[in-house]
Amino acid sequence: MLENYSIIVDKKVLNLADFKEKDMFAILTLLLRNQQVMSVARVVEEDDNVFVASPGDLYGNFFDITGVSRKARTSFVESIKRIAENDLIVIREVNGKKNDGTRRIQWNSLLKIDCNNLVHASRKPYITVSTEEINGIVYQDKMDFETLLQVYINIISYINQKDVSDADMGKIDLKYELYGKMDIHLSCFASINTLCTKRYSGDKNTETWVSRPTMLKALKILEEIGAISIVVPKKPNGCQQNFSNHYCYPRHKEMVQRIADNYVKQVLS
């Protein structure tokens, strides 16, 4: 297993990522390798966020590369190429030769990769994903991990990390009045239809990127592996009004249950 890293992904990157082609895993491998390289040695200023790696090496940060199928290898290489085509990275060299756009990129090709367009920009909206969370997702065998990972990213993009920090330090007081303003974002409570079209919180996309059955299955699996908790708001007996489930980090489940239940009371009062 990897040492635990927190990977920051700007929402501008999510906006340019191809979710239908499941490119988020490749983006995370690039960000992780860049962070690993930058944390152990400072390089000359013009080469910050630049490193050399093969697609197989990047993939192998999470998996035993000897066991990767031809289909998975091809898919991952294609993801790297799309990420470059979307200008999120620049592939400067392929196997030591300047990349003029005609160089063939393969599983074992050594690439000199410029990640400056991919790394977090100061004060820009972002999400944080830890390698511990990614490992839990990629090693489960209930669903293809690329889709599951993207659903997880979708969910956590709605969670305010400042509120997460406050909750973890015991700074959130839920003793607000029934009619008081509640502005705590420890969970995602977007509808399933919204999650299936918007790739992340604030996305302007309206085209379905994942089917409803797949989304529901993914949410269930994420709960089973302990990546999220699903909180069902409690309604009075006989209440016919629909309220969306809340999705949160497991450690905040009890707090989010109180928030969800109080919201029901506010709406019905």
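Q: Which residues does Gln-257 touch, not counting residues up to four places away in sequence?
A: In this predicted model, Gln-257 touches Val-231, Val-232, Pro-233 and Lys-234. Gln-257 itself lies in helix H10, residues 253-268.

Q: Why does Gln-257 count as buried?
A: Buried means under 20% relative accessible area. Gln-257 has 18% relative accessibility, so it counts as buried.

Q: What makes H2 and H6 roughly perpendicular to each other?
A: The axes of helix H2 (residues 24-40) and helix H6 (residues 145-156) cross at roughly 75 degrees. Angles of 65 to 115 degrees count as roughly perpendicular. H2 and H6 are therefore roughly perpendicular to each other. Their axes come within 9 Å.

Q: Which residues make the contact of H2 with H6?
A: H2 contributes Met-24, Phe-25 and Leu-28. H6 contributes Phe-145, Glu-146, Leu-149, Gln-150 and Ile-153. By class, the contact of H2 with H6 has six nonpolar residues, one polar and one charged.

Q: Why are H2 and H4 called roughly perpendicular?
A: H2 and H4 pack at an angle of about 75 degrees. The range for roughly perpendicular is 65 to 115. The pair is therefore roughly perpendicular. The axes of H2 and H4 are 9 Å apart.

Q: Which residues of H2 and H4 meet?
A: Phe-25, Ala-26, Ile-27, Thr-29 and Leu-30 of H2 meet Phe-76, Ser-79, Ile-80 and Ile-83 of H4. By class, this contact has seven nonpolar, two polar and no charged residues.

Q: How do you know that the span of helix H4 agrees with its number of residues?
A: Helix H4 (residues 70-85) has 16 residues. At 1.5 Å a residue, H4 should span 22 Å. The expected span uses one less than the number of residues. The end C-alpha atoms of H4 are 23 Å apart, which agrees.

Q: Which residues of H4 are buried?
A: The buried residues of H4 are Phe-76, Val-77, Ser-79, Ile-80, Arg-82, Ile-83 and Ala-84.

Q: What do the buried residues of H4 pack against?
A: They pack against H2, helix H3 (55-59), strand E3 (90-94) and strand E5 (111-114).

Q: What makes Lys-71 exposed?
A: Exposed means over 50% relative accessible area. Lys-71 has a relative accessible area of 73%, so it is exposed. Lys-71 is found in helix H4. The C-alpha atoms of Lys-71 and Tyr-139 are separated by 18 Å, and the two residues are 68 residues apart along the chain.

Q: Where is Asn-49 placed?
A: Asn-49 is in the loop between H2 and strand E2 (50-53). Its phi is near 65 degrees, a positive value in a residue other than glycine.

Q: Why does Asn-49 count as buried?
A: Asn-49 has 14% relative accessibility, so it counts as buried. The limit is under 20%.

Q: How do you know that Cys-196 is too far from Cys-188 for a bond?
A: A disulfide needs cysteine sulfur atoms within 2.5 Å. The sulfur of Cys-196 is 11 Å from the closest cysteine sulfur, in Cys-188, and so too far for a bond. At 5% relative accessibility, Cys-196 counts as buried. Cys-248 is in no disulfide either. The cysteine sulfur nearest to Cys-248, that of Cys-188, is 10 Å away. Cys-248 counts as buried, at 1% relative accessibility.

Q: How many disulfides does a search of the whole structure find?
A: The search finds zero disulfides.

Q: What makes Ile-192 count as buried?
A: Ile-192 has 11% relative accessibility. Buried means under 20%, so Ile-192 counts as buried. Ile-192 lies in helix H8, residues 192-197.

Q: Which residues does Ile-192 touch, not counting residues up to four places away in sequence?
A: Ile-192 touches Arg-212, Met-215, Leu-216, Leu-219 and Tyr-247. Ile-192 and Val-77 are 31 Å apart in space, C-alpha to C-alpha, and 115 residues apart in sequence.

Note on methods: Residues are numbered from 1 along each chain as its sequence is written. This is a predicted model: local features need pLDDT of at least 70, side-chain atom pairs count only at pLDDT 80 or more; totals for chains, interfaces and linings use all residues. Side-chain values use heavy atoms; hydrogens and water are left out. Axes are lines fitted to C-alpha atoms, for helices over the stretch in contact, and angles run from 0 to 180 degrees between N-to-C directions. Helices (H or I, at least four residues) and strands (E, at least two) are DSSP runs, numbered from the N terminus. Angles under 35 degrees count as roughly parallel, over 145 as roughly antiparallel, 65 to 115 as roughly perpendicular and the rest as oblique. Contact means heavy atoms within 4.5 Å. Ala, Val, Leu, Ile, Met, Phe, Trp, Tyr, Cys and Pro count as nonpolar, Asp, Glu, Lys and Arg as charged, and the others, Gly among them, as polar. Buried means under 20% relative accessible area, exposed over 50%, partly exposed in between (1.4 Å probe, protein chains only).
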